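Here's a quick briefing on charged side chains and who pairs up with whom. Have a look at the structure first, then read on.

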Amino acid sequence: QIENRKLASALAESAEKFYGVHVLSGVRVSGVRVRSGRVEGVETSGGFVAAGAVVLAAGAWTSRIPFLSPEGETLTAHAHPRVVPVRGQMLCFTRPAGGDTDAAAPDATCAMPRHVIYSPRGYVVPRRDDRLLAGSTTEEAGFDKSVTAAGLHAVLTQALEIVPTLGEFALSDSWAGLRPRADDALPVIGESPEVERLFYATGHYRNGILLAPLTARIVSRMVVGGAFDAPDAWPQQYRVEVFSPARLLPAHASTRQV
């Protein structure tokens, strides 16, 4: 049960404090600079950032970041794996003061679930501050992050099915996010087959936070030139090679490991 917005802030702060990472905020990436098939760095609204290796972790925006020549021209000889946005709408409810804190209690009024509950149609996530998150839709709506009447109705219907006492809660917030989905719905992890020293860490779809620590271990080993040694107990379908970006590029699809 991670509060994702607080997690992102904590990660940025700890990266700077403990590892000397320089975080640029409020800066827009305009492209990845490539020379002779090798990455040179990233063009941003704040200027060029040179790098011996680039990790592209742009989520749903991965495919929209162009390859640029040192002269600033768009390079069409290279391509990213296709990653598209999938909208998910969320609702947040607040339990009324004095409501029962135990959903298992007899005759519970405004009961708060004690743990995450899933159904085939949705889920609810209780927080310690009397908030209850409910989700979520799965919509191909491009980069539109609007909360719609249809989405609100769908999530509310699912949530009431899981927690009937939710009808007494107050709706305190709503939002929508964009999940990054690759064509086969699997993560995209590894070095580009077309641009040397360009690494991908994207396409995690609905499991970004859950898979982030392991993805970081894998990609960091690749960047420094080492191999990630998966445990022998891992099934073949979970080997790192399965998630290679090459599988999603037509010119390299034959190299896919299954």
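E3, R5, R127, D129 and R131 are tied together in a network of salt bridges. Keep in mind that this is a predicted model. Across the model, the count of salt bridges comes to 14.

- One link here joins the side chains of E3 and R5, with N and O 3.8 Å apart.
- Buried or exposed: what is E3? E3 counts as buried, because its relative accessibility is 16% and the buried label applies under 20%.

**A pair with R35 and E40**
- R35 and E40 also form a salt bridge, and their closest N and O atoms sit 2.5 Å apart.
- E40 has a relative accessible area of 23%, so it's partly exposed.
- R35 is partly exposed too, at 43%.

**A link between distant parts of the chain**
- Which residue does R38 meet in a salt bridge? It's E196, with 2.8 Å from N to O.
- This pair connects distant parts of the chain, as R38 and E196 are 158 residues apart.
- R38 belongs to strand 2 (residues 38–44), while E196 lies in the loop between strand 11 (188–191) and strand 12 (198–202).
- R38 has a relative accessible area of 36%, so it counts as partly exposed.
- E196, at 41%, is partly exposed as well.

Definitions and conventions
Residues numbered from 1 in each chain as written. Predicted model: local features only at pLDDT ≥ 70, side-chain atom pairs only at ≥ 80, totals over all residues. Heavy atoms only, no water. Salt bridge = Lys/Arg side-chain N within 4 Å of Asp/Glu carboxyl O. Buried < 20%, exposed > 50% of the residue type's maximum accessible area, 1.4 Å probe, protein only. Helix = DSSP H or I, 4+ residues; strand = E, 2+ residues; numbered from the N terminus.
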